[in-house]
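Try each task before you read its solution.

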Amino acid sequence: MSGPQCCENPPALDSSFGGVGHEEEIGGLKCYVTGPPHSKLALLLLSDIFGYKAPKLRKLADKVSASGFYVVVPDFFYGDPYVPENADRPLENAEKPFPVWLNDHGPDKGFEDAKPVIQALKSKGITSIGAAGFCWGAKPVLELGKYAYIQAAVLLHPSFVSLEDVQPVKVPISILGAEIDRMSPPELLKKFEEALNAKPEVDSFVKIFPGVEHGWTVRYKDEDEVAVKCADEAHEDMLNWFVKYVQ
C-alpha cells in the first residue's frame with residue numbers, strides 16, 4: 001500500500017458497532033462519549049487517521065470508562081477520516097491521496113479544535129483531564145501537554161512527532177511504541193526517553209512493545225495472539241498512567 005505506515009492495516013469500520021456510549025456534540029465537534037456522565041475526571045482519546053468511529057477505539061473508550069472516567073472521542077476530521085483506495089468502500093474521499101488528506105486535517109488543527117472541547121468539559125464540572133493520542137492524535141496531545149491544557153498525556157505509536165515536540169512537555173507523559181514502526185522507530189523513542197529523563201520535574205515513561213507494528217493498539221487483528229496480548233498490555237499501561245495522574 002502506498003503512503004506512510006500510518007495508512008497501512010486500516011480498521012474494519014463496522015457500522016453496526018456503536019459501543020455502549022452515544023454520540024453528542026461537545027465544543028463544536030461530534031464526539032463519542034462513554035462512562036459516568038457526572039464524573040469529575042475525563043479522558044480525551046484522539047484517534048488515528050481512520051477516525052473516531054473505529055470499533056476498537058470505541059471499545060477501548062468503553063473499557064477505560066469502566067474505571068470511572070468520562071471518556072470523549074472527538075471527530076477531529078469532521079466526517080472525513082482517511083479512507084484508503086478500496087472498491088468496497090466507495091466513499092467520497094476513497095481516492096484522495098494521503099498528502100492531500102493530511103493537508104486538510106493537519107495535527108496542528110487538531111490541537112486548536114481540542115481547546116473548545118476541553119473548555120466545554122470544564123464547563124460541565126470536569127476538574128481533571130487526561131489525553132491519549134493514537135498515531136495522528138499524538139501530536140495534538142503533545143501540544144496540549146506543552147501548555148498544560150491537560151493533566152497527563154499518553155502517546156501510542158505516535159506519528160509526525162519530533163524530538164523538538166517532546167522536549168517542552170509540562171505534564172506527566174507516557175509513550176508506548178512498537179518495535180516495528182517506521183513512523184516512530186525504537187531509536188527515535190529512545191531519544192524521546194533521554195530528553196524526558198533530562199527533565200526530572202516531569203514524570204515520564206517510555207516503553208517499546210516487541211513484535212508488533214505501528215497502530216497495533218487500535219488496529220490489531222483478533223486472531224493475532226501476540227498483537228492482542230500487547231494491545232491489552234498497552235491499554236492497561238495507559239489506564240494506569242491516567243489513574244495515577246488524572247485525579
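Buried means under 20% relative accessible area, exposed over 50%, and partly exposed in between (1.4 Å probe, protein chains only). This is a predicted model: local features need pLDDT of at least 70, side-chain atom pairs count only at pLDDT 80 or more, and totals for chains, interfaces and linings use all residues. Residues are numbered from 1 along each chain as its sequence is written, and side-chain values use heavy atoms, with hydrogens and water left out.

**Exercise 1.** Classify E112 and K115 by accessibility, then find what joins their side chains.

Step 1. E112 has a relative accessible area of 42%, so E112 is partly exposed. K115 has 23% and is partly exposed.
Step 2. A salt bridge needs a side-chain nitrogen of Lys or Arg within 4 Å of a carboxyl oxygen of Asp or Glu. E112 and K115 form one, at 3.1 Å from N to O.
Step 3. Both sit in helix α3, 3 residues apart, or about one helical turn. Helices (H or I, at least four residues) and strands (E, at least two) are DSSP runs, numbered from the N terminus.

**Exercise 2.** Find which parts of the chain the salt bridge between E24 and K124 ties together.

Step 1. The closest N and O atoms of E24 and K124 are 3.8 Å apart.
Step 2. E24 lies in strand β1, and K124 in the loop between α3 and β5, so the bridge ties parts 100 residues apart in sequence.
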